[in-house]
Amino acid sequence: MTIVKQKSGINHTTQLAVTSMLAALAAGLMFIEFPLPFIAPSFYEFDFSEVPVLVGTYSMGPVAGVIIELVKILVKFLIKGTSTGGVGELANFIIGCSFILPAGLIYKHKKSRKTALIGMLTGTVTMAVVGILFNTFVLVPLYSNFMPIEAIISLGKEIVPFISDTFTFCIFCVGPFNIVKGLIISLIVFFIYKPLSNLIRSIDKMFMKK
């Protein structure tokens, strides 16, 4: 177990510096994305950008996590633009927040190894549920402006034969995709958070001395 209790918060200058660094790292990681074709169609792409976002959430709180989430998307948007009329960017922000906010709120309530793990698992489940509902009622209908819903369902049916409509598509493709994503991100953060947390503390001490 690598996540340990933090004794105190960090100062404002450190928060600004660390938030900027983590947002830049998260934005960079968004460019390294790949599909999970055994779970969902290729336009659902996995990346590791939530790793620095979750690290920032645990070290500086849920508000900082949301800011990092927003900034990473804005940075990528400014650099690369959008091919989905903003649908993909909206999805990334909403789904990302549904993951890091429950995790951050639980961990903030009591900073311990147990609550860190519970927070990540809760965030994973929440992300899966929000992903299913948001994709069913908002994102897939919006995305149908770029690809017919029938074609989307057909792609899902190639993976899970008994998919028949938007809801079953989201249940059997979007839900599992987000669960796998949440578990992978959680596993990585579980092992790297302690050394990164120590680094943030060192940066904080450096600013405090100035």
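1. In this predicted model, F146 has a relative accessibility of 46% and therefore counts as partly exposed. Y143, at 19%, falls under the 20% limit and so counts as buried. The rings of F146 and Y143 form a tilted aromatic pair, with 6.2 Å between centres and 45° between planes. Both residues belong to a cluster linked by ring pairs, which also includes F43, Y44, F169 and F177.

2. The structure holds 13 aromatic pairs. One of them joins F34 and F48 in a tilted arrangement, 6.1 Å centre to centre and 50° between the planes. F34 belongs to strand 1 (residues 34-35), while F48 lies in the loop between strand 2 (45-46) and helix 2 (50-60), so the contact ties together parts that are 14 residues apart in sequence. F34 is partly exposed at 33% relative accessibility, and F48 is likewise partly exposed at 25%.

3. Four salt bridges are counted. One of them is between E33 and K80, at 3.9 Å from N to O. Because E33 lies in the loop between helix 1 (12-30) and strand 1, and K80 in helix 3, this bridge ties together parts that are 47 residues apart in sequence. E33 is partly exposed, at 25% relative accessibility, whereas K80 is exposed, at 52%. A network of salt bridges links E33, K76 and K80. The charged end of K76 also sits over the ring of F31, 5.8 Å from the ring centre.

4. K72 takes part in salt bridges with both E50 and E69. For E50 and K72, the closest N and O atoms are 2.8 Å apart; this pair links helix 2 to helix 3 across 22 residues. The N to O distance for K72 and E69 is 3.0 Å. K72 and E69 are three residues apart in helix 3, a separation of about one helical turn. E50 is buried, with a relative accessible area of 1%, and K72 is buried at 0%. E69 is buried as well.

5. The largest pocket has a volume of about 740 Å³. Its lining comprises 30 residues, with F43, E45, G88, E89 and A91 nearest the centre. By class, the lining divides into 13 nonpolar, nine polar and eight charged residues.

6. Which helix gives the most to the lining of the largest pocket? Helix 4 does, with seven residues. Helix 3 (62-80), helix 4 (87-109), helix 5 (113-143) and helix 7 (166-209) each supply at least two lining residues.

How values were computed. Residues numbered from 1 in each chain as written. Predicted model: local features only at pLDDT ≥ 70, side-chain atom pairs only at ≥ 80, totals over all residues. Heavy atoms only, no water. 1 Å grid on protein atoms, 1.4 Å probe; cavity = no way out; pocket = protein on both sides within 12 Å on 5 of 7 lines; lining within 4 Å. Points joined across faces, edges and corners; volume = space filled by probe spheres on them. Helix = DSSP H or I, 4+ residues; strand = E, 2+ residues; numbered from the N terminus. Nonpolar A, V, L, I, M, F, W, Y, C, P; charged D, E, K, R; others polar. Phe/Tyr/Trp six-rings, centres within 6.5 Å; stacked < 30°, edge-to-face > 60°. Buried < 20%, exposed > 50% of the residue type's maximum accessible area, 1.4 Å probe, protein only. Lys NZ or Arg CZ within 6 Å of the ring centre and 35° of its normal. Salt bridge = Lys/Arg side-chain N within 4 Å of Asp/Glu carboxyl O.
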